[in-house]
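Please read the following note beside the sequence and the three-dimensional view.

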Amino acid sequence: SVGALAPAGCCDQNLCAVFCPCFYTGPKMQAKFLGPDGKVKYMLKSEVKCCQYLCLCLAICSPCFRLFRFCCQDSQYTRYEQNVYGPDLNDQTVFAKIVYTDRMVCPCIPDERIQMRIEPAEGRTLSKEDLVLLSIFPTLLSGYTLWEFCIPLWIPGGMAMAMPSPSGIVQVDDANNIQGEHMNIKEALEERKQDSMY
């Protein structure tokens, strides 16, 4: 067995996040990669910041931004990088990145995910076992459409709700340690060409 992927539980969080969630700021585990021994080897986490979600009111303008990108710009592709951390919740060391490439087909529907891959962080290496373990996450996500992420955990397929992935809303992605960059088709093809060289 290479391990397993599981949503975070209360015992995985800092005590303040459990008992005073309204006043808590700091790291919050969202998903954990368990090694063959059942111990946490890697994790995905978010950073809870003071009043950050007040910026979500800007999400009401998201359809306008998408329409402008689709009609007036040539940046219909987006590259996202999601950080993967070690087993210590308070350690900010990045061990790997999950890289997504999305394509905007139409501003009125969710973006099409055309590529996902795992990359080691700069200056680090990943063993074959670690790559297989971390690949569980994009493999899980690839089988779900956007609406299925709203299903509760106790419904089959609802586990994906606990697994953070790019939303396209900057404030949400930033909280989940996901960075996004828009690209045109030439840049997207160039990146794909570089990936095929490795």
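1. Basis of the note. This is a predicted model, in which local features need pLDDT of at least 70 and side-chain atom pairs count only at pLDDT 80 or more, while totals for chains, interfaces and linings use all residues. Residues are numbered from 1 along each chain as its sequence is written, and side-chain values use heavy atoms, with hydrogens and water left out.

2. Overall fold. The chain has 5 helices and 7 strands; helices (H or I, at least four residues) and strands (E, at least two) are DSSP runs, numbered from the N terminus. Their order along the sequence is β-α-β-β-α-β-β-β-α-α-β-α. Of the 198 residues in the chain, 40% are buried, where buried means under 20% relative accessible area, exposed over 50%, and partly exposed in between (1.4 Å probe, protein chains only).

3. E119 lies in strand β6 (residues 112-120) and K97 in strand β5, so the pair ties together parts that are 22 residues apart in sequence. E119 meets R117 in a salt bridge as well, at 2.9 Å from N to O, and both E119 and R117 are buried. Which residues belong to the network of salt bridges? They are R79, E81, K97, R117 and E119.

4. The second largest pocket. Its volume is about 280 Å³. On a 1 Å grid over the protein atoms alone, a pocket is an open set of points where a 1.4 Å probe fits, with protein on both sides within 12 Å along at least five of seven lines; lining residues have an atom within 4 Å of a point. The second largest pocket is lined by 15 residues, and Q13, A17, P21, K28 and V48 lie nearest its centre. The elements α1 (15-19), β2 (26-34) and β3 (40-48) each give two or more residues to this lining, and β2 gives the most, with 3 residues.

5. A nonpolar surface patch. L15, V18 and F19 make a nonpolar surface patch of about 340 Å². Such a patch is made of residues with over 30% relative accessible area and no salt bridge, with nonpolar side chains (Val, Leu, Ile, Met, Phe, Trp, Tyr) joined within 5 Å. V18 is placed in helix α1 and counts as partly exposed because its relative accessibility is 31%.

6. Two loop residues. G9 is in the loop between β1 (4-7) and α1. Is G9 buried or partly exposed? At 29% relative accessibility, G9 counts as partly exposed. G9 and Q30 are 21 residues apart in sequence, and their C-alpha atoms are 8.4 Å apart in space. S165 is in the loop between α3 (128-141) and α4 (170-175), and S165 is buried because its relative accessible area is 15%.

Note on methods. Points joined across faces, edges and corners; volume = space filled by probe spheres on them. Patch = residues over 30% accessible without salt bridge, like charges linked within 9 Å, V, L, I, M, F, W, Y side chains within 5 Å. Areas by Shrake-Rupley, 256 points an atom, 1.4 Å probe, with all protein chains shown as cover. Salt bridge = Lys/Arg side-chain N within 4 Å of Asp/Glu carboxyl O.
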